[in-house]
Every structure is written in C-alpha cells, then in structure tokens.
Amino acid sequence: FNREEMELIQAVLPGKQPVQLNYWDRVKADWIIVPPLYSAVDEAKEGYLGIEEVPQAIRNIYRQKWREVRPDVAPRRIYLGRKDTKRRRLLNENQVMELLATRGFISILPAQLPISHQFQLFRKAEAIVGVRGASIGNLLAIDHPLKFISIRPTRGEGNAYLGPMVEKGNLIYGEVCGDGGSKDADFSIDLHALEQELNRLEIQP
C-alpha cells in the first residue's frame with residue numbers, strides 16, 4: 001500500500017494495521033480483504049463474496065479518493081492487454097487487438113499504470129474486454145452500468161464473484177473461453193466467438 005491507500009484503509013478499519021501480500025493461502029488473520037478472489041480465503045475467516053458485497057463505505061471512499069484523478073487518456077472502450085505477462089498468455093492477442101480496434105478499443109497494460117489511473121479508466125469506460133485476473137478488482141470504481149467481456153483460458157466459473165453486480169444491472173457481462181489446458185495455461189480464443197459477444201452486447205464500430 002502507498003501512504004494514501006493506507007490512510008483510507010485505516011479510516012475504514014480504525015486501529016488495524018493492514019499488510020499487503022501476494023499470497024494468502026497460509027495467512028492467519030481475523031480479516032482478509034481479497035475481492036473478488038473469495039475462494040482463496042479460509043472459510044473460517046470473514047470475507048466478502050464478490051465485489052458488489054464489499055461494504056458501500058469502502059466503495060465510496062475509494063471512489064472519492066480517485067474522483068479527482070485525471071488520466072492523460074480516458075478511452076471509452078478498453079482492452080486489458082497481456083503482453084507484459086509470462087503466464088496465462090493470450091497467444092493470438094495481436095489478432096484479438098486488431099478485431100477490437102475495429103470496434104474502437106484502445107489497448108492498455110494495467111500492471112504498468114498506478115492504481116489511481118486504473119480506477120479512473122474503469123470508471124470512465126463504457127466497455128472493457130480483458131483476460132480475467134486481478135485487474136477486475138478495479139470494477140470497484142464503476143458508478144454506471146459497464147459492458148464487460150471476460151476472456152478466460154478455460155471454461156468453468158462463468159461470472160462467479162461478479163454475479164451480484166450482474167444481477168443488479170451494474171455489469172453487463174459477456175464471456176469468451178479459450179483452449180487452455182488449465183486456468184494458468186497459455187491459450188488462444190476463437191475470434192468469431194469474441195465477435196459474437198461484442199455483437200450480443202451491442203458493442204458496434
């Protein structure tokens with residue numbers, strides 16, 4: 001956490017000293033905040049099932065913090081690129097980007113942007129396409145219905161963790177599954193399937 005993020009968390013959880021970890025399967029703590037990856041949390045611990053279940057106070061304080069941030073570029077349609085990753089690589093990403101470009105999408109690399117910038121990009125977007133991963137935590141920032149197409153290496157969980165947002169109409173959800181052998185494998189997707197989802201969600205050129 002940076003200083004500002006620490007201050008925000010302490011405002012919501014006074015008297016607590018948060019620690020940021022990349023892995024939490026062996027963590028022993030009364031509270032672990034890992035939206036939306038609830039499945040990784042020991043069932044004996046308290047937590048939240050999905051982003052929509054995060055207390056409104058926490059969502060509001062995050063939105064307030066980043067409302068005044070103005071990124072240099074705020075495209076309305078965003079593709080969350082994977083070119084800076086070493087696992088779960090989208091092998092036909094160039095072709096995916098070419099297709100999305102015809103629909104007005106701009107490619108960004110979330111890991112290379114500060115969290116405040118990522119939040120504001122999500123908040124301003126009307127449609128986002130990306131490989132399902134940690135960056136979907138930025139959905140905490142949205143304050144209007146967002147069209148979101150999740151690209152996944154394999155079939156399986158569907159809109160798990162995002163279900164409450166879909167049910168309440170905050171997220172208009174689509175999905176394209178790849179040919180990966182596991183959830184962490186490199187994979188390709190069917191471009192026609194992606195095109196069909198874009199059409200179904202009425203994301204036209």
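Let's begin with a term: contact means heavy atoms within 4.5 Å. One more: axes are lines fitted to C-alpha atoms, for helices over the stretch in contact, and angles run from 0 to 180 degrees between N-to-C directions. Helices (H or I, at least four residues) and strands (E, at least two) are DSSP runs, numbered from the N terminus.

Now some ground rules. This is a predicted model, where local features need pLDDT of at least 70, side-chain atom pairs count only at pLDDT 80 or more, and totals for chains, interfaces and linings use all residues. Residues are numbered from 1 along each chain as its sequence is written, and side-chain values use heavy atoms, with hydrogens and water left out.

Start with the sheet. Two strands pair if DSSP finds at least two bridges between them. What is the strand order of the open sheet? Its five strands run 2-1-3-4-5, with parallel pairing. Strand 2 (106-108) and strand 5 (171-177) are the edges, each pairing on one side only. From one strand to the next, the twist averages 20°.

Next, strand 3, residues 127-131. Strand 1 (residues 77-80) pairs with strand 3 over four parallel bridges. Look at I128. In strand 4, I128 stands opposite F148.

Is strand 3 buried or exposed? Five of its five residues are buried, so strand 3 is largely enclosed by the rest of the structure. Buried means under 20% relative accessible area, exposed over 50%, and partly exposed in between (1.4 Å probe, protein chains only). In a regular strand the side chains alternate between the two faces of the sheet. Here, A127, V129 and V131 point one way, while I128 and G130 point the other.

On to strand 4. Seven bridges join strand 4 to strand 5, and the two run parallel. I151 stands opposite V176 in strand 5. S150 also sits in strand 4. S150 is buried, at a relative accessible area of 0%. What does S150 touch, beyond neighbours within four places in sequence? Its contacts are G130, R132, Y173, G174, E175 and V176.

Helix 3 (residues 93-101) lies across strand 1, strand 2 and strand 3, at about 175° to strand 1. Helix 6 (residues 191-200) lies across strand 3, strand 4 and strand 5, at about 165° to strand 5.
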